[in-house]
Amino acid sequence: MRWFWRLFTLLLVLVCLRTLVPQPQVFITWPEENSWAPKIQGEIKQLQQFTQDLPASIEVEVRRLWNDFQPSGDGKEV
């Protein structure tokens, strides 16, 4: 039973020491530059460039799919 009290005392001392040692704190900092407008405008311009050729790209993909999956009429495809 002595070993139980020794272990209990050791754990109690460790818990006390842990509470005395200051825990590291993490601070989230906000960037000093608060100009969100240029960043958002840049993203909008990038999206506009990506979507500018979107209808033509869709048309090309549909034609490619139509040609790839068009039945050949030989009756072997299911």
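Modeller: Helices here are DSSP runs of H or I with at least four residues, and strands are runs of E with at least two. This is a predicted model, and read along the sequence its chain follows the pattern α-α-α.

Biologist: What makes up the secondary structure of the chain behind that pattern?

Modeller: Three helices and zero strands.

Biologist: In which helix is confidence highest, and in which is it lowest?

Modeller: Confidence is highest in H1, at a mean of 86, and lowest in helix H3 (residues 54-68), at 75. For the chain, the mean pLDDT is 77, and 79% of the residues reach 70 or more.

Biologist: How many aromatic pairs does a search of the whole structure find?

Modeller: The search finds four. One of them joins Trp3 and Phe4.

Biologist: Why is the pair of Trp3 and Phe4 called edge-to-face?

Modeller: Ring centres must lie within 6.5 Å to pair, and planes over 60 degrees apart count as edge-to-face. Trp3 and Phe4 are 6.4 Å centre to centre with 85 degrees between the planes, so the pair is edge-to-face.

Biologist: Why is the pair of Phe4 and Phe8 called stacked?

Modeller: The centres of these two rings are 6.4 Å apart and the planes are at 20 degrees. Stacked requires planes under 30 degrees apart, so Phe4 and Phe8 count as stacked.

Biologist: Which residues form the aromatic cluster?

Modeller: Trp3, Phe4, Trp5 and Phe8 form one cluster.

Biologist: Why does Trp3 count as exposed?

Modeller: Exposed means over 50% relative accessible area. Trp3 has 60%, so Trp3 counts as exposed.

Biologist: What percentage of the 78 residues of the chain count as buried?

Modeller: The value is 0%. The chain exposes about 8,500 Å², and carbon and sulfur atoms supply 65% of that area.

Conventions:
Residues numbered from 1 in each chain as written. Predicted model: local features only at pLDDT ≥ 70, side-chain atom pairs only at ≥ 80, totals over all residues. Heavy atoms only, no water. Phe/Tyr/Trp six-rings, centres within 6.5 Å; stacked < 30°, edge-to-face > 60°. Buried < 20%, exposed > 50% of the residue type's maximum accessible area, 1.4 Å probe, protein only. Areas by Shrake-Rupley, 256 points an atom, 1.4 Å probe, with all protein chains shown as cover. pLDDT = per-residue confidence, 0-100.
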